[in-house]
Amino acid sequence: MRRRRNPATMVHSLSCTDVEWERVRERADAADLSISRYLVERALTVELPRDGEGKVGAPPRLVLSEDEQKQIHDRIERICTTMSTGSAEEDRSVLAQMGGSVSRLAGAAMLDLVREGRTRQMIALLAKHHSEEDAVRIVERFVAWARSEGLLD
């Protein structure tokens with residue numbers, strides 16, 4: 001017996017990059033939904049920013065303002081000046097601070113990837129600088145550490 005098609009159901013297409021499609025697929029799998037159902041449900045549950053009149057407002061800004069860019073430039077310039085004119089002890093101090101900052105940023109990015117169900121993407125990124133096997137081990141150790149710290153369920 002043939003399944004009757006819901007006349008209100010339409011077929012539509014969308015365009016996205018392979019990386020975006022992979023992220024959507026991973027999230028749909030994690031939610032135990034088809035990609036189509038996942039996209040429809042997500043699109044219908046997102047709260048859009050609205051202005052005072054109830055109209056849909058502009059999306060959140062995803063770039064730095066001119067002032068924010070200048071602040072970053074000034075900080076980098078200060079670091080470069082300190083490293084080129086400072087003592088060896090000052091150089092080590094700045095490098096240690098930078099290393100700690102980079103480590104925290106990488107950890108936060110990795111945690112976001114794991115929480116979003118994008119471990120395959122994280123492995124692919126790590127495999128650019130490590131072997132595939134090492135990338136898998138790094139991710140496994142990171143997930144174990146994050147769980148032991150109570151950062152993951």
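Modeller: Happy to! Keep in mind that this is a predicted model. Let's start with lysine 70, which forms a salt bridge with aspartate 74; their closest N and O atoms are 3.3 Å apart.

Colleague: How many residues apart are lysine 70 and aspartate 74 in helix H3?

Modeller: Four, so about one helical turn separates lysine 70 from aspartate 74 in helix H3, which covers residues 66-85. Aspartate 74 is partly exposed, with a relative accessible area of 27%.

Colleague: How many salt bridges does a search of the whole structure find?

Modeller: The search finds seven. Among them, arginine 137 and aspartate 134 meet through their side chains, at 2.4 Å from N to O. Arginine 137 and aspartate 134 are three residues apart in helix H6 (residues 132-148), so about one helical turn lies between them.

Colleague: And how exposed are arginine 137 and aspartate 134?

Modeller: Arginine 137 is partly exposed at 41% relative accessible area, and aspartate 134 also counts as partly exposed, at 31%.

Colleague: Which residues are linked in a network of salt bridges?

Modeller: That network links Glu22, Arg25, Asp29 and Arg120.

Colleague: Nice. What about glutamate 116, which residue does it form a salt bridge with?

Modeller: Its partner is arginine 118, and the closest N and O atoms of the pair are 2.5 Å apart. Glutamate 116 is partly exposed, with a relative accessible area of 30%.

Colleague: Is arginine 118 buried or exposed?

Modeller: Buried: its relative accessible area is 10%, and the cut-off for buried is under 20%.

Colleague: Where does arginine 118 lie?

Modeller: Arginine 118 sits in the loop between helix H4 (88-115) and helix H5 (119-127).

Colleague: What does arginine 118 touch, leaving out residues up to four places away in sequence?

Modeller: With those left out, arginine 118 touches Arg23, Glu26, Arg27 and Leu113. There is also a polar contact between the side chains of arginine 118 and glutamine 121, at 2.7 Å.

Colleague: Changing topic: what is the phi of aspartate 32?

Modeller: Aspartate 32 has a positive phi of about 60°, although it is not a glycine.

Colleague: Why point that out?

Modeller: Because most residues other than glycine have a negative phi.

Colleague: Where does aspartate 32 lie, and is aspartate 32 buried or exposed?

Modeller: You'll find aspartate 32 in the loop between helix H1 (18-30) and helix H2 (35-45). Aspartate 32 counts as exposed, because its relative accessibility is 70% and the cut-off for exposed is over 50%.

Definitions and conventions: Residues numbered from 1 in each chain as written. Predicted model: local features only at pLDDT ≥ 70, side-chain atom pairs only at ≥ 80, totals over all residues. Heavy atoms only, no water. Helix = DSSP H or I, 4+ residues; strand = E, 2+ residues; numbered from the N terminus. Buried < 20%, exposed > 50% of the residue type's maximum accessible area, 1.4 Å probe, protein only. Salt bridge = Lys/Arg side-chain N within 4 Å of Asp/Glu carboxyl O. Polar contact = N/O pair within 3.5 Å; in protein donor to acceptor, adjacent residues only side chain to side chain. Contact = heavy atoms within 4.5 Å.
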